[in-house]
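Take a look at the model below. This short report covers its fold, its aromatic residues and its surface.

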Amino acid sequence: MKDYVCLATFTYPHETLILRSRFTDENIMHYFQNETLVGLIPFSSSAFGGIKLMVHPQDVSKAKEILDSFNDKSSSLRIV
């Protein structure tokens, strides 16, 4: 897991739910660093650097495509 790449950082655990489902459906190897810690102490997210989306190097391009689709202003599943 040390070779995984950080693609995005989130403040709250609920921001990761749709991505987790989508990445699992697409068989993208990933994990969310600090997710449990921030879930236990919600207002400490900035102190721990947020929840980091870590993706396996072979899945980075596919994961970026999915992230870009969520950031598209015309998407109904946009990440706010």
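A residue is called buried under 20% relative accessible area, exposed over 50%, and partly exposed in between (1.4 Å probe, protein chains only). Of the protein's 80 residues, 29% are buried. The model is predicted: local features need pLDDT of at least 70, side-chain atom pairs count only at pLDDT 80 or more, and totals for chains, interfaces and linings use all residues. Numbering starts from 1 along each chain as its sequence is written, and side-chain values use heavy atoms, without hydrogens and water.

**Fold**

The protein has 3 helices and 3 strands. From the N terminus, the order is β-α-β-α-β-α. Helices (H or I, at least four residues) and strands (E, at least two) are DSSP runs, numbered from the N terminus.

**Aromatic residues**

The structure holds 1 aromatic pair. Tyrosine 4 and tyrosine 31 form this tilted pair, 5.4 Å centre to centre with 55° between the planes. Rings of Phe, Tyr and Trp (its six-membered ring) pair if their centres lie within 6.5 Å; planes under 30 degrees apart are stacked, over 60 edge-to-face, the rest tilted. The partners sit 27 residues apart: tyrosine 4 in the segment before strand E1 (5–10), tyrosine 31 in strand E2 (residues 30–33).

| Residue | Relative accessible area | Class |
|---|---|---|
| Tyrosine 4 | 17% | buried |
| Tyrosine 31 | 22% | partly exposed |
| Phenylalanine 48 | 34% | partly exposed |

**Loop**

Where does phenylalanine 48 lie? Its place is the loop between helix H2 (35–40) and strand E3 (51–55).
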